[in-house]
2 protein chains.
Amino acid sequence: MKKQLIMEKAIELFAKQGFEATSVQQITEHCGISKGAFYLSFKSKDELIIEIIDHFMIQFTSEIDHLVRSAKDGENLLYNFYYAIFNSFQKHSDFGKILIKEQSRSFNEDFIVKMRYYDRLMDKSILSMVEHLYGDDEVKEIKYDLVFCIKGFMSMYSQLFLFYNVPLDLDLLSKSLVEKTNLLARNSTVPFISKGLIMAFEEPVLEDLTKEQILLRLDQEIEELEESVEKESLVLLKQQLNEPTFGRAIIKGLLENIRNHPQTKWIAYLLGSFFDQK
Amino acid sequence: MKKQLIMEKAIELFAKQGFEATSVQQITEHCGISKGAFYLSFKSKDELIIEIIDHFMIQFTSEIDHLVRSAKDGENLLYNFYYAIFNSFQKHSDFGKILIKEQSRSFNEDFIVKMRYYDRLMDKSILSMVEHLYGDDEVKEIKYDLVFCIKGFMSMYSQLFLFYNVPLDLDLLSKSLVEKTNLLARNSTVPFISKGLIMAFEEPVLEDLTKEQILLRLDQEIEELEESVEKESLVLLKQQLNEPTFGRAIIKGLLENIRNHPQTKWIAYLLGSFFDQK
DNA sequence: TTGACAGATGACTGGTTAGTCAGTATTATA
DNA sequence: TATAATACTGACTAACCAGTCATCTGTCAA
């Protein structure tokens, strides 16, 4: 399968020139394959970028999620969090460049929704880390601001080694940001971002999700899949969508079945947010 | 003159679709003029985006610069700074969107240089504000980090009202960020960004480094250092640069001597890549 | 009414793009 | 070795793009 090769080479080119400025021809030349071969691995250029985003962001977000979930002691968690983030960015700097360059791009609807989804996933992890670190009560008022500040630190300091090839002392950087975060968490008294404001930002995404749209995509997906656990899960989830019968646990389990399969990953997200919503 | 009209309509479209995804045809249709008329006002599509960037950034940076320069009292300065920034972003939200979307774009060399120039201008203003606010000595060590944090706050909180049309309380936002900035300025003890690092970012791209540029910086560094192993190493490396005499091992050792000193870390890197290159 | 001229037009050019498909090469199978 | 299946090729299409230019139009002064 040429998929791996194409993705690797495409990442290099996208990082250097941007997604839109890189043609499929260029990618295939860089791989030493023909243009037709590209379309054997990917349905379109858009599908390629989405698979790239997925490949890295699933790794990235699950690494952070695992870090936060499995943390016992407080102080090290924050350090490990920053270290892991910047370490990942440094290791996959080409992908990092793509992420920053194209993050607010609007060329493809699926792409935007995807990016927003991973952004939310990060927000969730950071928020639960903040609650874990400082106690739910202590930072109740300013925890959303804290999430924003942490993300601000991440994005600003990431740009340092993404756009200037300077070797950085990740240990010092993490320590420095741990101190800053602690300072803000323990001494801030003027919150700006309230729960209500946060909810306002989350609204638009879910708003667009109608049962019909999901059903449409669901049918389409079921059609394309061969017999498998994934397909069974989708069929059951379709039943649940039309007529709620299962409990929370079963739904969660079914979603888990399809979350790691590349073809159903996305529908898992859609269904997940739809069931959450209700 | 149709220039004004074209710029206004183009900003709307660029904000919505991005620069590359918007065609000249679309712009002229949106203006109700012919395609030819566009080229009476602008030599090219690139010239249009550069004029747009200039038009707003000149206003923006000079407003901030004036604010910082003419400030008498400390506390209000920071508040006014944040308020002015967010107020501008809110007033010209379409331009703000373009700025964020295209900031790290690489389609046009002139464009990148322009953006970098205005970025540096902002950095300068913020830095002189920080020095003014907290005293040159008090924050000597962490002032560059502070600049980064302030920019991080700006970019994160700007996205709030750029991408979700939520009416925001600029007064509260500014107060909240003033508190956060003060907390960091007065209590941070672990700097990450050193003078040397900052200078690294201002450096042209590494590949273009000439011997003369390195020598210039080397002299400067030797001047500033007191007698030490580091200084001796630098002097020897300067000799080596002018007239290669030492072997590989000695150079490596000398570089190692200066690699861990904060003030010479950067020059170590520069020299390292220069010697590697040959 | 005439003529001159700046301003405006839109068909056209040369080039690039994503995506297709009839056909070829390679490999597996019998 | 023959056949079938699979992987691959690259010329081709249709659409779109930035930018040009011969032509036209409305508005003046003479």
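**Aromatic pairs, up close**

Modeller: Let's start with Phe95(A), which is buried at a relative accessible area of 6% (buried is under 20%, with a 1.4 Å probe and protein chains only). This is a predicted model, so local features need pLDDT of at least 70 and side-chain atom pairs 80 or more, while totals for chains, interfaces and linings use all residues. Residues count from 1 along each chain as written, chains are lettered from A and ligands numbered from 1 in written order, and side-chain values use heavy atoms, without hydrogens or water.

Phe56(A) is buried too, at 13% relative accessibility. Rings of Phe, Tyr and Trp (its six-membered ring) pair when their centres lie within 6.5 Å, and that gives 23 aromatic pairs over all chains. Phe56(A) and Phe95(A) make a stacked one (planes under 30 degrees apart), with 4.3 Å centre to centre and 15° between the planes. This pair ties distant parts of chain A together: Phe56(A) sits in helix H4 (residues 45–69) and Phe95(A) in helix H6 (residues 93–102), 39 residues apart. Helices here are DSSP runs of H or I, at least four residues, numbered from the N terminus.

Now try Tyr157(A) with Phe192(B), an edge-to-face pair (planes over 60 degrees apart) at 6.1 Å centre to centre and 65°. This pair crosses between chains, from helix H8 (residues 143–163) of chain A to the loop between helix H9 (170–187) and helix H10 (195–202) of chain B. Tyr157(A) is buried at 0% relative accessibility, and Phe192(B) is buried at 5%. Last stop: Phe38(A), Tyr39(A) and Phe42(A) gather into one aromatic cluster.

Methods
Helices (H or I, at least four residues) and strands (E, at least two) are DSSP runs, numbered from the N terminus. Buried means under 20% relative accessible area, exposed over 50%, partly exposed in between (1.4 Å probe, protein chains only).
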